Amino acid sequence: MLFGKRGNDDLVIRGARVIDSAAGLDAVLDVRVDGGTVAQLGTKLETNAHRVVDGQGLVLAPAFVDPHVHLRTPGREDEETIASGTAAAAAGGYCAILAMPNTEPAVDSAAVLGSLAETAQSEAEVPVGFLAAITRNQGGAELTEMAELASAGAAGFTDDGRPVVAPGLMRRALQYGAVTGRRLALHCEEPTLSKGGQMHEGAVSAELGFEGYPSVAESVVVERDLALAAYERQPLHLLHLSARESVEALSRAQVAGVAATGEVTPHHLCLTDDAVRSLDPNVKMNPPLRAEEDRQALIAGLRDGTIAAVATDHAPHARHEKEVPFEAAPFGVTGLETAFSALYTHLVEPGLLKLETLLERMSAGPARAYGLDAPRIAVGAPANLVLLDLQATRRVAESDFRSRSANSWLLGETVKGQVRMTVAAGRVAFGS
Amino acid sequence: MSIKSAGSSVDKGESLKDTALTLGAYDPDVIVIRHPQIGAPQLVARYTGAHIVNAGDGKHQHPTQALLDLYTISEELGRIEGLHVAIVGDVLHSRVARSNIQALALMGARVTLVGPPPLIPRGIEAMGCEVSYEIDAIRAADVVYVLRMQQERMAEGANFVPSLREYTARWGVTPERLRPGQKVMHPGPMNRGVEIDPVVADAADALIEQQVRSGLVVRMAVLYDLLTHGPAGVQSAALHEIGAA
């Protein structure tokens with residue numbers, strides 16, 4: 001299900017604080033990688049003439065998995081390509097990403113999926129899984145050939161960017177989950193409630209005069225889809241949750257036994273609708289930034305595990321498309337290269353989230369949500385490692401991005417926590 | 001020099017950034033911009049060195065309208081602080097309402113918004129005003145500020161109001177709904193017989209023509225200040241005060 005470059009690098013990382021909470025591991029250790037596989041953990045390990053990386057003062061953790069990336073290929077290669085997007089992912093500490101199918105054309109046939117997989121096999125700096133569309137051309141009318149797409153390697157199914165509006169069609173798609181064994185990932189938005197909406201509906205939209213996109217436009221569809229999943233006894237994954245009511249609904253469904261997972265983006269965890277006062281198109285995204293009480297509910301949900309995954313919803317846009325008034329700008333911001341730093345700075349440093357929890361929600365959490373093997377630091381596991389410098393600070397600058405687009409909400413901000421090296425599928429994909 | 005989008009390069013798909021760069025190349029002292037999108041003046045300000053006057057950006061702000069309205073009230077009633085102003089009608093789509101709420105609250109007036117629920121934006125109380133869905137609420141006000149019912153926004157199927165007929169019956173400002181001595185204002189152009197009864201519009205207590213006269217002097221004053229006080233700091237500070245930035 002994952003396509004990209006793999007490696008058999010030999011490496012010893014010396015003296016880093018090794019954290020893998022799933023394995024109950026938090027100790028200063030050396031880690032040796034033989035032929036792309038974790039071979040030994042211990043102190044004063046033999047280097048066996050491997051390349052040695054000094055990890056003193058740094059944190060070594062299972063590398064990140066981003067379950068929500070827009071690679072814009074095919075169709076908008078000016079904004080991102082498989083090569084540039086995965087280079088950005090490697091720089092962000094990711095060892096695997098999942099790409100969304102809302103391309104031009106959409107990934108709605110085995111032919112399109114096959115050609116992307118082939119390109120990724122030779123060009124992707126970190127392995128990529130491709131989600132396929134639920135409906136043809138994401139038109140919301142006819143199901144794609146889901147069984148065939150699953151056989152061709154689809155990592156899951158989504159119409160991301162658009163909701164599946166018709167409940168009857170949504171139900172059929174869920175039923176096909178029993179055949180494909182892949183998750184449905186849902187963009188929850190009731191279009192007559194969000195119509196024309198530019199930002200969260202509340203005091204800030206009232207003052208600025210923007211048309212509102214209320215929380216209930218998301219939560220009403222979250223509730224519907226959870227009810228359908230419960231009825232069909234199928235799992236589902238909720239994309240980019242933004243509203244307190246959605247987190248509450250997800251939690252209730254999980255307690256009732258529905259196999260539902262959810263994800264949240266760094267921008268929804270760090271910002272509120274107050275940021276829109278800047279009128280900066282780089283804080284315009286769908287779903288929109290919501291109120292402080294929503295942000296707090298998202299942080300609490302991530303902390304207690306209701307929300308399993310951090311997802312960047314990395315959405316590159318051409319410069320000229322964002323250099324316009326807010327209402328004329330497209331939705332979406334980049335995030336691959338800034339996610340860890342943003343969350344370390346805004347959540348871990350102020351004490352809102354433990355480092356161990358953040359690392360888990362950026363790695364094992366998203367992997368499990370899609371039934372992928374979770375990256376681990378254990379003997380015999382493929383080397384998927386990220387080396388982090390928690391002391392380093394940097395000013396986020398356009399010139400440092402590997403992504404082809406620079407529509408980041410963090411431009412000019414100083415952040416703490418820097419990725420020093422990424423090993424993905426046994427290969428050093430970033431850093432030295 | 002007046003530039004309209006119709007017939008200009010804007011019609012040919014020129015971006016606002018390029019229009020700003022092009023106009024900036026003529027080295028103007030002041031650019032006055034009215035634009036259907038929120039934040040357009042800020043964008044133009046980023047790409048030119050000229051002073052920018054916001055003459056209305058989408059549903060966001062109309063700062064000189066608020067200045068001329070405050071000037072009119074203060075000339076007529078001698079003060080603004082402590083007055084009660086009722087703003088009636090389509091607040092949702094009104095940049096005039098937003099600038100006036102902000103300016104009146106800043107000057108210490110009490111503001112009550114009156115209209116049908118779909119036309120009063122959720123959460124607007126945070127700007128420092130009250131909300132009522134009952135037209136009777138205007139009787140307590142010193143000034144009744146009537147907003148234009150924008151018919152183009154009330155097209156069939158939009159469902160902000162079921163019909164203009166019902167709106168007028170329920171929220172139209174008529175002589176019966178006013179008490180003697182209440183001042184009535186309107187930013188124009190009026191829809192007589194819709195949001196405002198013609199008898200109210202023509203009554204002695206209506207300040208609508210005074211508003212137009214105030215508009216001339218206030219806008220002259222804005223330009224005078226910008227052209228004489230020089231540096232951009234003065235301009236941005238002044239416009240910040242009334243919420244243009």
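**Figure 1. The two domains of chain B.** In this predicted model, chain B is divided into domain 1, residues 9–61 + 220–241, and domain 2, residues 64–211. Taken over C-alpha atoms, the centres of these two domains are separated by 28 Å. Eleven residues from domain 1 of chain B and eleven residues from domain 2 of chain B take part in the contact. About 820 Å² is buried between the two domains, and 50% of this lies on carbon and sulfur atoms.

**Figure 2. The domain 1 side of the contact within chain B.** Between domain 1 and domain 2 of chain B there are zero salt bridges, but four residue pairs are in polar contact. On the domain 1 side, strands β1 (30–35) and β2 (51–57) of chain B each supply at least two residues. The most comes from β2(B), with three residues. By class, this side of domain 1 has two nonpolar, five polar and four charged residues.

**Figure 3. The interface of chain B and chain A.** Here 21 residues of chain B are in contact with 16 residues of chain A. The two chains bury about 1500 Å² between them, 59% of it on carbon and sulfur atoms. In chain B, the most area is lost to chain A by B:Gln37, B:Ile38 and B:Arg122, which together make up 35% of what that side buries. Three residue pairs are in polar contact between the two chains. Helices α1 (16–25), α2 (40–47) and α4 (95–106) of chain B each supply at least two residues of the side that touches chain A. The largest share, four residues, comes from α2(B). This side of chain B has ten nonpolar, seven polar and four charged residues.

**Figure 4. The salt bridge across the chain interface.** Side chains of opposite charge can pair when their charged atoms come close. One salt bridge is found across the interface of chain B and chain A. Its partners are A:Glu323 and B:Lys17, at 2.8 Å from N to O. B:Lys17 is in helix α1 of chain B, while A:Glu323 is in the loop between α11 (319–322) and α12 (339–348) of chain A. With a relative accessibility of 22%, A:Glu323 counts as partly exposed.

**Figure 5. Salt bridges within each chain.** Over all chains, the whole structure has 29 salt bridges. In one of them, the closest N and O atoms of A:Arg14 and A:Asp30 are 2.7 Å apart. A:Arg14 lies in strand β2 (residues 11–20) of chain A and A:Asp30 in strand β3 (residues 25–34) of chain A, so this pair ties together parts 16 residues apart in sequence. A:Arg14 is partly exposed at 27% relative accessibility, whereas A:Asp30 is buried at 6%. In chain B, the side chains of B:Lys183 and B:Asp205 meet in a salt bridge of 3.2 Å, N to O. B:Lys183 is in strand β7 (residues 183–185) of chain B and B:Asp205 is in the loop between α6 (198–202) and α7 (208–228) of chain B, so the pair ties together parts 22 residues apart in sequence.

**Figure 6. Helix α1 of chain A.** Eight of the ten residues of this helix (residues 82–91) are buried, so the helix is largely enclosed by the rest of the structure. Among the buried residues are A:Ile82, A:Ser84 and A:Gly85. The buried residues of α1(A) pack against β8 (94–99), α2 (110–123), β9 (128–132), β18 (414–424) and β19 (427–430) of chain A. After α1(A) comes A:Gly93, with a positive phi near 95°.

Notes: Residues are numbered from 1 along each chain as its sequence is written. Chains are lettered from A and ligands numbered from 1 in the order in which they are written. This is a predicted model: local features need pLDDT of at least 70, side-chain atom pairs count only at pLDDT 80 or more; totals for chains, interfaces and linings use all residues. Side-chain values use heavy atoms; hydrogens and water are left out. Contact means heavy atoms within 4.5 Å. Buried area is the accessible area (1.4 Å probe) that two parts lose on being put together, summed over both. A salt bridge is a side-chain nitrogen of Lys or Arg within 4 Å of a carboxyl oxygen of Asp or Glu. A polar contact is a pair of N or O atoms within 3.5 Å; within protein, one must be able to donate a hydrogen and the other to accept it, and residues adjacent in sequence count only if both atoms are side-chain atoms. Ala, Val, Leu, Ile, Met, Phe, Trp, Tyr, Cys and Pro count as nonpolar, Asp, Glu, Lys and Arg as charged, and the others, Gly among them, as polar. Domain bounds come from an automatic or database domain assignment. Buried means under 20% relative accessible area, exposed over 50%, partly exposed in between (1.4 Å probe, protein chains only).
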